[in-house]
Amino acid sequence: MMMDGEEEGNRGGGEEIESYESNPRAETEIAQAILNLIESVAHLGGYPRTHKKYCFGLVRRMKLLLPLLEEIRDYNEQISEKGISCLSNLKETFLLAEKLLKVCSEGSKIDLAVESEAFMVKFRTIDEKLCQALEGVPFDQLGISDETKEQVELMWMQLKRAKGKTDTLDVELEMDMMAVLSKKDGQNADSAIIERLAKKLDLHTVEDLNNETIAIRNLVKERGGFNAENILQITDLLKKFKQIIGMEVTDVLNNPVMPETLDICTSLVIPHEFLCPIMLEVMTDPVIIASGQTYEKESIEKWFNSNHWTCPKTGQTLAHLSVTPNYALKNLILQWCEENKFHLPKKADCASSESSTDHSKGICSLVKDLSCSHLEMLRKAVKKIRMLSKENAENRILIASKGGIQPLIQILFYPDSEIQEHSVTALLNLSLEVTNKRLIVKRGGVPAIIEVLQHGRRQARENSAAALFSLSMLYENKIIVGLSNGIPPLVDLLQSGTQRGKKDAVSALFNLSLNHSNKGRAIDAGIVTTLVQLLKDKNLGIVDEALSFLLLLVSHPEGRSEIGQISCIESLVEFIKEGNPKNKEYATSVLLELGSSNSSFILAALQFGVYEHLLEISTSGTHRAQKKANSLLQLINKTEQI
């Protein structure tokens, strides 16, 4: 780092004196302003799990500079223009840091996940600016103590070493985001994936989602309207999260969080206990559930009808789902409304209730038609069931409750390709609900779906693969699919299917291979050779999936033997040389696993020129890739010494 003596040799004193005379204690004001910024960010919190590490790291670095700033603030001598410039740069950097931390603390968590790479760039930019600001600190001119100087110089060295380094995100989170956001062909996302995403983003309670709704509306205002990039993706994902926990899904961008009846009466302070925790509306029919919490009857019934056995507010499992009218609270609400001339929200009318009953009867009738012998009637019924099961979770639950799963499985064996396709797609849609996953398997759905996967027409085969992927989200179902010989036809689809078919197949196979026995089955079915072939076709867009799959299989003895073939090692080295940061990380990890078990694999990789590229990754790769590359370089050095 440059010291103050070097600066003295490059500048005259005239400029500095003029600067001091114009504002003799500017450094004190700037130092105090920066201290205030640090105090401000210290009170921030609630950072999303996805960015918590980066937020805490930035706050920690800011706090480590407290002694430096306090010493500058309390320094009684005049300081050079360079010192003022350094402090100004530091203040500018801390203002950027405060803005970024506020976005992470108070902004949309979904936006942070969707735009995660862009936010990573912002964190790296602030670190680089901080490094530049600290590089020019004239310690001697500022009267800084040796202890504080050493602390600041250590931070500067750490920032300089980290310059240019990148880091990948949670791989599972990234894969889940891709799965949910890439449903452009009208498929619904699996509810198990959505639930997992909601937990990772800390958006799995009513309060979380109401706060997220407000954050998204603020985001829309900041970006100048509805056409801002990714807004539709963000609002669509928010709706999915709300559906999962049984909240009413409204137009996120237009409808206020509070209902219109509350919005009109902005001068009123509405008692918090009068509002339903789910809908945030004044309750007209409050009921008490087993946890002791009170909800609007219609809201909590929707929650229970979505297969929830927990209290939305407390999260505790309920002993029963019966409700008790809260007459005392209802009387208080009515009295308050009368005194304040407040009009309660209107209840759904009888026509709406009758419509719901008719809908239920209609589904019941369609389920009965699934067992008829008339071909055209059967086709119409199964096609309608397919469309209804695609629409929403309520339909999927209703179809299953009316006994629709068993006949759908039975007609999978029907000698009509159109009926097969509609039926297997309906089962795919129904399987998006966790309860239905178990029912489909219990009713013997796995062998029937595998039969379609083997002998159905193209669309039916692809949807069969997607159905097996959905079913295998439950661990016990992974075992059943493997024992039912479902892996070989999936490998066949991975080899010969369309681009969409290959993606469905690789997703299903990866998920199934999380079970150790299924790894062996996939290897025996030729999965490794198929994955290596897929790596050669980058246009398919599944390179990351293929490399991560190889990393999963390399832990299996037979997998190591297959992946250790020369052609596969050559492909791995190719990605270490020219792949994107994630490709390099996965390929390096696979090669490290191979080399740790047998040095001959390392020698083979050296023949393809891997060494110099590992050196590059060890300094500029992702954080995990650097660790893997350094470990692999150590292995190479040991191998060469033998």
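Residues are numbered from 1 along each chain as its sequence is written. Because the model is predicted, local features need pLDDT of at least 70 and side-chain atom pairs count only at pLDDT 80 or more, whereas totals for chains, interfaces and linings use all residues; side-chain values use heavy atoms, with hydrogens and water left out.

**Whole chain**

Start with the cartoon. The protein has 37 helices and three strands; these are DSSP runs numbered from the N terminus, with helices being H or I of at least four residues and strands E of at least two. Of its 642 residues, 50% count as buried. Buried means under 20% relative accessible area, exposed means over 50%, and partly exposed lies in between (1.4 Å probe, protein chains only). Among contacts (heavy atoms within 4.5 Å) with a separation of 6 or more, 71% are between residues 24 or more positions apart.

Select alanine 42, in helix H3 (residues 26-42). Alanine 42 is partly exposed at 36% relative accessibility.

Next, select arginine 61 in helix H4 (residues 52-64). Arginine 61 counts as buried, at 14% relative accessibility. Leaving out residues up to four places away in sequence, arginine 61 touches Asp127, Leu130, Met155 and Leu159.

Then show phenylalanine 119 and lysine 122. Lysine 122 lies over the face of the phenylalanine 119 ring, 4.7 Å from the ring centre. For this, NZ of Lys or CZ of Arg must be within 6 Å of the ring centre and within 35 degrees of the ring normal.

**Aromatic pairs**

The whole structure contains four aromatic pairs. Rings of Phe, Tyr and Trp (its six-membered ring) pair if their centres lie within 6.5 Å; planes under 30 degrees apart count as stacked, over 60 as edge-to-face and the rest as tilted.

Select tyrosine 47 and phenylalanine 56. Their ring centres are 5.6 Å apart and their planes stand at 80°, so this pair is edge-to-face. Tyrosine 47 is buried at 4% relative accessibility, whereas phenylalanine 56 is partly exposed at 49%.

Move to phenylalanine 510 and phenylalanine 549, an edge-to-face pair with 5.6 Å centre to centre and 80° between the planes. Phenylalanine 510 belongs to helix H28 (residues 499-512) and phenylalanine 549 to helix H31 (residues 543-553), so the pair ties together parts that are 39 residues apart in sequence. Phenylalanine 510 is partly exposed, at 27%; phenylalanine 549 is buried, at 0%.

**The largest nonpolar core**

Which residues have the most contacts inside the largest nonpolar core? Select Leu408, Ile527, Leu531, Ile563, Leu572, Leu591 and Leu594; the core has 92 residues. A nonpolar core is a set of buried Ala, Val, Leu, Ile, Met, Phe, Trp, Tyr and Cys residues joined through side-chain atoms within 4.5 Å. H31 supplies the largest share of this core, seven residues. Domain 4 (347-496) and domain 5 (526-641) each give the core at least three residues; the domain bounds come from an automatic or database domain assignment.

Stay on leucine 531. Not counting residues up to four places away in sequence, leucine 531 touches Leu494, Val506, Ala546, Phe549, Leu550 and Leu553.

**The sheet**

Select the three strands, which form an open antiparallel sheet in the order S2-S1-S3. Two strands pair if DSSP finds at least two bridges between them. Strand S1 (residues 286-288) is joined to S2 by three bridges, and proline 286 stands opposite glutamate 296 in S2. Strand S2 (294-296) and strand S3 (324-325) are at the edges with a single partner strand each, so one side of each has no neighbour in the sheet.

**Helix H20 and positive phi**

Select helix H20 (residues 393-401), where seven of nine residues are buried. The buried residues include Ala393, Arg396 and Leu398. Just after H20, glycine 403 has a positive phi of about 85°.

Aspartate 202 has a positive phi of about 55°. Aspartate 202 sits in the loop between helix H12 (191-200) and helix H13 (206-222), and is buried at 18% relative accessibility. Asparagine 485 has a positive phi of about 65°. Asparagine 485 is in the loop between helix H26 (475-483) and helix H27 (487-496), and is partly exposed at 44%.
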